[in-house]
Amino acid sequence: MKVTDHIRAASDTLVSFEILPPLKGKTIESIYAHLDPLMEFKPSFINVTYHRSEQVFKKRADGSFEKIEVRKRPGTVGICAAIMNHYKIDAVPHLICGGFNVQETENALIDLAFLGIDNVLALRGDAAKNETLFEPESNGHAYALDLLRQIVNLNHGIYLEEEIREGNKTKFCIGVAGYPEKHFEAPNMESDLRYLKYKVDGGADYITTQMFFDNKKYFDFVKRSREIGIEVPILPGLKPITSKKQLSVLPRTFHVDIPTELSNEILKCRTDADVEIVGTEWLLAQSRELKKANVPVLHYYTLGKPQVIANVVREIV
Ligand SMILES: Cc1cc2nc3c(=O)[nH]c(=O)nc-3n(C[C@H](O)[C@H](O)[C@H](O)COP(=O)(O)OP(=O)(O)OC[C@H]3O[C@@H](n4cnc5c(N)ncnc54)[C@H](O)[C@@H]3O)c2cc1C
């Protein structure tokens with residue numbers, strides 16, 4: 001079932017989760033162990049992130065180095081299929097432009113369609129670790145908008161090979177990313193919102209936001225989006241802070257602000273167990289306020305902390 005159909009059919013705010021594939025070498029059981037504590041909340045769908053390969057240097061026996069490609073977290077599509085089979089819950093694979101040319105993208109989409117996956121989150125992806133700016137593959141997409149257009153084409157039965165006429169029309173519900181605190185490469189919020197609007201005009205069915213810790217940022221983002229004619233659902237992305245280290249890691253990695261009130265409380269904590277209590281309370285307060293404001297879905301980034309999310313969601317459902 002499509003994310004937008006879940007939202008349309010709901011009489012109250014829904015709950016959804018995002019997970020990461022496990023590090024290579026682990027089993028699907030590690031995913032079930034992560035998700036099992038969250039299943040009592042009947043999530044409407046579960047997102048699974050996509051991680052491109054990285055180039056690393058491996059030392060040879062003779063002391064020289066060779067450059068090799070390593071994908072630390074493969075398995076996005078397989079995990080989506082396993083989730084749908086095991087829990088009978090819809091899965092939303094993330095699909096990125098980075099590392100894919102258009103043919104590989106089409107093949108990936110055909111796999112998803114054959115597996116009965118109705119949803120996809122279309123993203124550009126970040127620059128590879130050895131690049132300063134995002135570089136598309138040769139014959140790959142430069143922006144999420146271009147990827148989105150390819151998915152929309154497939155939904156109309158338009159494949160890359162022009163000779164395929166009357167090809168199967170896929171039925172993907174397409175989500176895209178939005179940034180309440182601006183994407184870090186955008187020169188300003190106006191520009192970022194304009195490109196977001198292009199994605200919606202191009203066929204995006206809904207927006208999922210980057211994490212934020214100040215609800216005002218989300219409310220303002222929704223207001224500004226509506227003012228420029230973005231009408232699709234905007235799903236808030238939420239994450240608990242559970243360690244002191246995250247006070248610098250999260251802003252550096254995700255380009256988000258941590259409100260002074262929250263950072264002050266965290267700095268007073270003696271242990272990360274104390275931080276977890278503060279982070280849980282903060283997330284609970286955020287979730288309560290968002291639910292009161294009738295957001296369509298509370299979308300939680302579980303990132304290895306399912307128990308913390310469970311403690312929050314239990315209080316609000
Ligand atoms: C909910 C969510 C889930 C994510 N999941 C993943 C994941 O699974 N895997 C992963 O690798 N990354 C993931 N990311 C990170 C994301 O890939 C990065 O933030 C990436 O840098 C931007 O992706 P985007 O889809 O927003 O890009 P785009 O929408 O393409 O935007 C990228 C930048 O380019 C600008 N822009 C857009 N179109 C144009 C244009 N035509 N001309 C000039 N500028 C333009 C935008 O303003 C923005 O600054 C996720 C992010 C979010 C919010």
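Mentor: A polar contact is a pair of N or O atoms within 3.5 Å. Please keep in mind that this is a predicted model.

Trainee: How far does a polar side-chain atom of Y179 lie from an oxygen atom of the ligand?

Mentor: The cut-off for a polar contact is 3.5 Å between N or O atoms. Y179 is among the residues that come nearest to the ligand, together with Y50, D126, D192 and K199. The distance from a polar side-chain atom of Y179 to an oxygen atom of the ligand is 2.7 Å.

Trainee: Which atom of A186 lies 3.4 Å from an oxygen atom of the ligand?

Mentor: For H94, a polar side-chain atom lies 2.8 Å from a ligand oxygen atom. In A186, by contrast, what lies 3.4 Å from an oxygen atom of the ligand is a backbone N or O atom.

Trainee: How much of the ligand's accessible area does the protein cover?

Mentor: On its own, the ligand has 990 Å² of accessible area.

Trainee: In what order do the eight strands close into a barrel?

Mentor: The pairing in the barrel is parallel. For example, β1 (residues 14–19) and β2 (residues 45–48) pair in the parallel sense over three bridges, and F17 stands opposite I46 in β2. The order in which the eight strands close is β1-β2-β5-β6-β7-β8-β9-β10.

Trainee: Why is β8 largely enclosed by the rest of the structure?

Mentor: Strand β8 pairs with β7 (residues 173–178) in the parallel sense over four bridges, and G175 stands opposite Y206 in β8. A residue counts as buried when its relative accessible area is under 20%. Strand β8 is largely enclosed because the number of its residues that are buried is six of the six.

Trainee: Is A177 buried or exposed?

Mentor: The place of A177 is in strand β7. Its relative accessible area is 10%, and the cut-off for a buried residue is under 20%. A177 is therefore buried.

Notes. Residues numbered from 1 in each chain as written. Predicted model: local features only at pLDDT ≥ 70, side-chain atom pairs only at ≥ 80, totals over all residues. Heavy atoms only, no water. Pairing = 2+ DSSP bridges. Helix = DSSP H or I, 4+ residues; strand = E, 2+ residues; numbered from the N terminus. Near = heavy atom within 4 Å. Polar contact = N/O pair within 3.5 Å; in protein donor to acceptor, adjacent residues only side chain to side chain. Areas by Shrake-Rupley, 256 points an atom, 1.4 Å probe, with all protein chains shown as cover. Buried < 20%, exposed > 50% of the residue type's maximum accessible area, 1.4 Å probe, protein only.
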